[in-house]
Amino acid sequence: MSNTAKKKFSSQSRNRRISLAVTYTILVVMAVIWLIPLVWIFISAFRCEYQPDGTFIGRVTSNFFPRAVGFENFRLLFTEKYYGVDHAFIRWIANTLIISVIDCIISTFLVLSVAYCIAKLKFKLRKAFMNITMILGLFPGFMSMIAIYFLLKSIGLSGNPDHPELSLVGLVLAYSAGAGLGFQIAKGFFDVIPNALVESAKLDGCTNFKVFWKIILPLAKPIIIYQALMSFTGPWMDFIFAKVIIGADNAKYWTVSVGLYSMLFGTHPDTNLFTQFAAGCVIVAIPIVTLFMFLQKYYVEGVTAGAVKG
Amino acid sequence: MKKFIALLLVLIMTAAVFASCGGSGGDKNIRVWVGEESVEFYQTVCDEYIAAHPDFGYTVEVKGMDTGAVAGTISTDPKAAADIYTVAHDNIGKLASTQCAKPIGDESLIAQVLADNPESFQNVIYSTLNGQKYLYGVPYISQALFLYYNKALVTDEQAKTFEGLREAAVAAGTKAITVTGDDGFNMSFALLATKVSDHSTTVKIYEGAESVSGGSKGASNCQGDDTVAIYRWLQEYAADENGFKWASPDGWDADLDKSNKGVLAVIGGAWHYNTAKAALGETNLGIALIPTFTLTEKSVEGLSSVSAGDVYRGGTFADCKCFMINANSSKDKYAAEQELIKFMSSKEIQNRSYLACLNVPAYVGASSFIEQCYNEGKVTESQYNLAAMQVSMAEWGIPQPFITGTLNSYYYSKNAPQVLRAIVDKTAYPTTGDTILSETESLEGIRKALYLIEYLWMHGTTPKDFPASLPTPA
Amino acid sequence: MGTDSKRGKKAGRSNPFRKLGNAFSEFGKRFTDGSVGTKLSHFIFGAGSIYHGQIIKGIIFFLIQAGILAVMILCPSINGTPYGWKALVNLSLTNVSEGGVFDPATGEMTVGSDCKLMILFGFVTIALIFIYFIVWNLNIASSYKADNDKKVGKKPTTFREDLKELLDGKFHVLMLTPTCIAATVFTVLPTVFMIALAFTTYNQEDMHKLGTNLFGWNGLQNFAAVFTGEGSLGFEIKNRFLPVLGWTFIWAIFATLTCYFGGIILALLINKKGLKGKKIFRTLFILTIAVPQFISLLAVRNLLGEYGPINSLLQSIGWIQEPIGFLGLKAGDSEILAKVMVIVVNMWVGIPYTMLMTSGILMNIPSDLYEAARVDGTSTVKMFFKITLPYVIFITTPYLISSFVGNINSFNTIYLLTGGGPTYTGYQAGGTDLLVTWLYKVTIDKGMYNTGAVIGIFTFIITATITLITYRRSKAYNEEDTFQ
């Protein structure tokens, strides 16, 4: 290697090192900015400050880092009555868990079945079905909320004073009913599976059901997991629809997001519940975040499939 | 495909038909909605009542509802609302006229209501149905604003006047006072201020409340000289760096927190007690009447019927929360419902609800009971003060009107309080509509803004134009 | 291809009429040519099937007919409002009872008609009638098919064979049925219902003012009021529609572009050659996606609050004297600042999505493209603009469109951060309200359903136009069938 070439090489590697250092700096700064709000909620959950006379301070305070830490918020969260309901928080978690598991199963099944039909089967109304779905998707969701409430109410699954627990069934129905119309991402995934695979299976005498069950589904693991993840996490994040369907007076049957949201944003919000709210958020966020972390690969795959296929 | 859609749809429909037919049998349960904070208490007393009266024949289920949202929830779906619900009295007209509420017919209950409640409440709990006047609401909690202040930094003497609070604020390097929100109820202190010497004000926005059958729309009046002068005084006070401050979106309790150097005092109600206590600690929590203020030279400049040195006290809406019966509730329950309301609104239960949930009783003469509780050591000093001050403040306040088809709901929903706010901030009225109030600094500007509130209150919309000369009330 | 496709379209246009004609002659033929069973099927569902020995099928058909007819004739009522023929009459909203008759002695009180349920149940009944005729047609067709099978010497299919066919040739019927039913009940009917409300006076603000719980049809007057500004609907929409629409577009454009390019840049940074800890960085950014938005956005809102850590930090280092109202939560706070802040905070929400999505795409860019450029001595920045960006944009156009439409309907960011504030006196729509948050406030908070419906229809028209224009031109749509 000639002398000049060596020099060029070393200057190049120095450039690269500088640019790497800059990249690291930018990324670290960005990561900090991205994490601050989440860290703030997290440490607020452990804040445990008292007035000199022993009154518990649960408000938002201007000090980012707490003056004292402890598990008081979690203790209160699990033992306090909220909205006159015993062990309200545990109930909310249980309600949400039940709803999200059932919703997850139904929604995933509906999405996959619709996506498979649209992607791999030929039938008369296929194009019409796709167009109608697209048009329906363009109406703002809130438009149908009140009507859904009254429809559910007319079959006793919402606003039913004798059986308030049926609102949970109503909510599952409302969540999963529309799921099949969100088939686009899964369809994008099925589109990529070669048709030859399907054709040859059919030549071997497979029924359409068998093709779906034995060939498509095993290949569709990423998209199944993606859809399941999305429909499972949905009920944990929705604080509006759930309140309308379950009813403002049925605090016992609220989902956890409705409960937590109401703590801070009723008409007479109790600002002193902030740290308990934060503790609740941590408890809600931990399982969801863990799920996301474990299933990250599939999530990315789903998001990418959706992005490219639209 | 069609075949199966059809099949399943029909199955669902038929299931629906059967479900609906099977449901409503003779149900022996009375559902009650109360404020979220008192659910346990009312469930307990109702259970006690049932135990003591085996022939009552019904079970009672008490549930909590957000006090602010309950009227809206009932309007949207009255059939799903509880048999007995509780609302602030200013919703009575709305709920009665839209057939969400059923009149009270029981003579003994009516007699109890009339015997127990002050005249001001009696005026606002009636409404009309087909031209007939009926009692609709049974008061059980009274609500009015008073002052919370930081005893560590404000002396009791200073807490009596806005000027004294300012003095303390200068020493502490904070602002003097805030309100708990900029909604219609909490904004009432300046609009309703009355002259200390004779309790007088030219504001007549409440006139309608005296007439049960709708009141007179023309009676509303907000822009007298005294009100203009009061707002000019408030402008001055708010511009002062140690004066008035609007509540923080973080919550007024954040303002009250000593470490934030926000304010020393807040105008709030009994339902703010726990939050205020958490912000200051019970030992530092002072409770007093809404302070007085003295009009300055500058505030009366150019006004004839007021003079500098006039002393006014901040006013308040003095409301009551009422039990009401759902119009959709079965007639079989009617007698039992009234019996239950009679019990829950009795003096004894109101007293117990004060001890259990700090709900201030609505009946006349509650103050002697409150005093007695304090003397017997059943309540702490601040718990006593809170009720005592609220009762005293009622003298300086007026119930909100609720006349059907007008006024009060619009006062809230059309953001009229923000016009009040604009005056205090000396900003333009921030609308993009036809009416743009260019300024609220001059005398004329303030008068126009007050006219706007009056108009909003009466018509529910902003006026297209201002009249050439604004009428000045005597 | 041009002329061919034009001709094809023309043929397609005349098709429906021909189809209709065919259908009618088909109906006639079935009645005249069919067996006794088929003829009978025109009046009693399932008669043909039973005639051909398909008992179960016949019974199902008959039960459907009996069920629907029972509902139509008996008019069962739910919540005091009937289904059936009465519901069709009620749909006119003229036959309403005022209610309000009260007997103080017994406590009996009549309440007025529930107009919203009248409309809703009217639509449900119309749906039932549609179903009746669909099943009517199916039952005749089934019987006619059995006739023809017999003619050529085949046996009519058994119920078991019909079920088997569902797993194969008619698999799509089996799979799509649940979704079709659910979508009809929970999406189509509610949407139709809400659209209908745009033509009524169902507005609780107005109704309270008039002291009534009844409302009626209003023709196109609501749409006229949008221009004249009459009533609470006209007042709200006339004065606030254009500002809200304008801001919705500005928001959607900025929110889409900032997150898009921010995400690409972040993905480039994370995927930089030689960078260690790629996975850790990616995971950190995914956290904001995983945490429910009502939690993370409320945290941001608290951080930016008047006494929040950010304001107190800025005050303590002396950059500002008074706390800044970042989010327009107080009247008098700057609207522009609030608008800028929601866009900035939205980057915090949206950039990780784009980052995740583009990471994979970036890694798939053919490396020979870069090699060629490097030989030419192109700078890194230039390569980004000449190669990377066009490639990524080309691949992700569908995403750009869908995220634009998504941002038009982005509820959480606005609702949780600013609540639409700063507010405008006299109106529901505040300075940062989007069409969708406005719609929410107007309907759910205020019960102004006709106003909400009108806003919803406008929103639909706008999003539909954008989607149609862009989507129809996009590669994904036109090549849709090539994947088949």
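This is a predicted model: local features need pLDDT of at least 70, side-chain atom pairs count only at pLDDT 80 or more; totals for chains, interfaces and linings use all residues.
**View 1. The contact between chain C and chain A.** Chain C contributes 81 residues to this contact, and chain A contributes 68 residues. On the side of chain C that touches chain A, helix α8 (residues 171–197) of chain C gives the most, with 17 residues. That side of chain C comprises 53 nonpolar, 25 polar and three charged residues.

**View 2. The fold of chain B.** Chain B holds 19 helices and 17 strands. Of the 474 residues in chain B, 58% are buried. Among contacts in chain B with a separation of 6 or more, 72% join residues 24 or more positions apart.

**View 3. Helix α16 of chain B.** This helix spans residues 381–393, 13 residues in total, and extends 18 Å from its first C-alpha to its last, close to the 18 Å expected at 1.5 Å a residue. Its buried residues are B:Gln383, B:Asn385, B:Leu386, B:Ala387, B:Met389, B:Gln390, B:Val391 and B:Met393.

**View 4. The nonpolar cores.** The largest nonpolar core has 205 residues, and A:Ala115 and A:Ala174 have the most contacts inside it. Helix α3 (residues 88–120) of chain A gives the most to this core, with 17 residues. Apart from its neighbours within four places in sequence, A:Ala115 contacts A:Phe183, A:Ala186, A:Lys187 and A:Phe190. A second, separate core consists of 141 residues, including A:Ala248, B:Phe146, B:Val203 and B:Ala270.

Key:
Residues are numbered from 1 along each chain as its sequence is written. Chains are lettered from A and ligands numbered from 1 in the order in which they are written. Two residues are in contact if their C-beta atoms, placed from the backbone, lie within 7 Å. Helices (H or I, at least four residues) and strands (E, at least two) are DSSP runs, numbered from the N terminus. Ala, Val, Leu, Ile, Met, Phe, Trp, Tyr, Cys and Pro count as nonpolar, Asp, Glu, Lys and Arg as charged, and the others, Gly among them, as polar. The expected span of a helix is 1.5 Å times one less than its number of residues. A residue is buried if 20 or more other C-beta atoms lie within 10 Å of its own, exposed if 12 or fewer, and partly exposed in between; C-beta atoms are placed from the backbone. A nonpolar core is a set of buried Ala, Val, Leu, Ile, Met, Phe, Trp, Tyr and Cys residues joined through C-beta atoms within 7 Å.
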